[in-house]
Protein chains: 2
Amino acid sequence: MHGFGREIVIDFEKCGGLIPVIAQDVNSGDVLMLAYMNVEALEQTLKTGKATYYSRSRKALWVKGETSGNEQEVREVLLDCDGDTLLLRVVQRGGAACHTGHASCFHRRVAEDGSLETVGVPLFDPKDVYGK
Amino acid sequence: MHGFGREIVIDFEKCGGLIPVIAQDVNSGDVLMLAYMNVEALEQTLKTGKATYYSRSRKALWVKGETSGNEQEVREVLLDCDGDTLLLRVVQRGGAACHTGHASCFHRRVAEDGSLETVGVPLFDPKDVYGK
């Protein structure tokens with residue numbers, strides 16, 4: 001358990017120093033993505049008001065939208081009842097959180113028979129944003 | 001990677017056989033909770049239409065609402081872009097997902113100075129539901 005500030009106890013230990021973080025669009029209510037934070041990422045997010053995660057693949061802090069310009073302005077940070085998950089309510093710049101160009105990373109529906117169906121359409125072409 | 005059904009590849013391996021699952025109220029849009037599923041929990045959820053998670057503390061399947069009656073009827077299951085997180089859009093029976101009686105498990109706001117503030121009021125008294 002990590003005592004963050006005076007009163008908060010946020011449990012970073014269940015997931016090896018990381019806490020899962022849900023980002024939700026404060027305007028549409030859409031769940032945009034799930035990412036992870038370490039203590040430093042949370043401190044930076046609270047300080048700057050811009051969602052900053054910890055990239056498990058790159059093993060480094062990751063300011064969301066650094067490359068694409070699609071930053072997340074944090075309006076509210078909420079902690080769950082057992083202190084091991086965060087919810088960020090954000091204004092999503094550019095309207096899309098996903099690197100595929102979809103508004104939400106959750107754009108594939110799982111049917112009962114196990115098949116997948118893409119829902120919604122991308123708002124941008126990733127090639128235009130990431131150059132690949 | 002676990003091939004679930006014909007086309008789906010859901011990554012249960014990043015988190016030791018479990019995948020994080022966000023539950024969202026399909027009516028209010030509220031993010032209710034984060035829990036985990038193993039393959040069996042997902043199969044049971046898709047088959048029964050009732051959210052079934054894997055309890056990490058009890059190391060067993062957990063039909064949400066089994067004790068409280070506050071079941072989650074699953075309207076939609078969505079998979080994220082990299083296949084390692086699920087989003088359930090649910091009808092929350094009893095109006096509250098949290099064992100504290102709050103509609104959402106995310107009912108504590110984290111201020112910039114690190115203090116916590118409870119938001120919203122409980123919809124039921126846990127003593128009435130769980131008898132303790």
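1. Let's start with strand 3 (residues 19-25) of chain A, which runs parallel to strand 8 of chain A and is joined to it by five bridges. Within this pair, Ala23(A) sits opposite Leu88(A) of strand 8. A quick note on terms: helices (H or I, at least four residues) and strands (E, at least two) are DSSP runs, numbered from the N terminus, and two strands pair if DSSP finds at least two bridges between them. Keep in mind that this is a predicted model, where local features need pLDDT of at least 70 and side-chain atom pairs count only at pLDDT 80 or more, while totals for chains, interfaces and linings use all residues. Residues are numbered from 1 along each chain as its sequence is written, chains are lettered from A and ligands numbered from 1 in the order in which they are written, and side-chain values use heavy atoms, with hydrogens and water left out.

2. Strand 8 of chain A has another partner to look at: strand 7 of chain A, paired with it in the antiparallel sense over seven bridges. Here Glu76(A) has Arg89(A) as its bridge partner. The two strands make a hairpin with six residues between them, and Gly83(A) in the turn shows a positive phi of about 70°. Strand 8 of chain A is mostly covered, with six of its seven residues buried (buried means under 20% relative accessible area, exposed over 50%, partly exposed in between, with a 1.4 Å probe and protein chains only).

3. Now for the loop between strand 7 (72-79) and strand 8 (86-92) of chain A, which holds Asp80(A). An unreviewed UniProt entry lists Asp80(A), Asp82(A) and Asp84(A) under "binding site"; such annotations may be inferred rather than shown by experiment. Asp80(A) has a relative accessible area of 3%, so it counts as buried. Leaving aside neighbours within four places in sequence, Asp80(A) is in contact (heavy atoms within 4.5 Å) with Thr85(A), Cys105(B), Phe106(B) and Arg108(B).

4. Asp82(A) is in the loop between strand 7 and strand 8 of chain A as well. With 42% relative accessibility, Asp82(A) is partly exposed. Again leaving aside neighbours within four places in sequence, Asp82(A) is in contact with Lys14(A) and Arg108(B).

5. How are the two chains related? Chain B can be laid on chain A with an RMSD of 0.0 Å by a turn of 180° and a shift of 0.0 Å along the axis (a least-squares superposition on the C-alpha atoms of residues with pLDDT of at least 70 in both copies). The two copies are therefore related as by a two-fold rotation axis. In chain B, Gly29(B) comes closest to that axis, at 2.8 Å (C-alpha). The copies meet through the same surface, because 100% of the interface residues of chain B are also interface residues in chain A.

6. Check out the open sheet of six strands, in the order 10(A)-9(A)-7(B)-8(B)-3(B)-4(B), with mixed pairing. Strand 10 (116-118) of chain A and strand 4 (31-37) of chain B stand at the edges with a single partner strand each, so one side of each is left without a neighbour in the sheet. Strand 9 (residues 108-110) of chain A runs antiparallel to strand 10 of chain A, with three bridges joining them.

7. Last, helix 1 (residues 39-48) of chain B: its buried residues are Ala41(B), Leu42(B), Thr45(B) and Leu46(B). They cover an arc of only 130° around the axis, which puts them on the same side of the helix (the arc is that of the directions from the helix axis to the C-beta atoms). Just after this helix, Gly49(B) takes a positive phi of about 75°.
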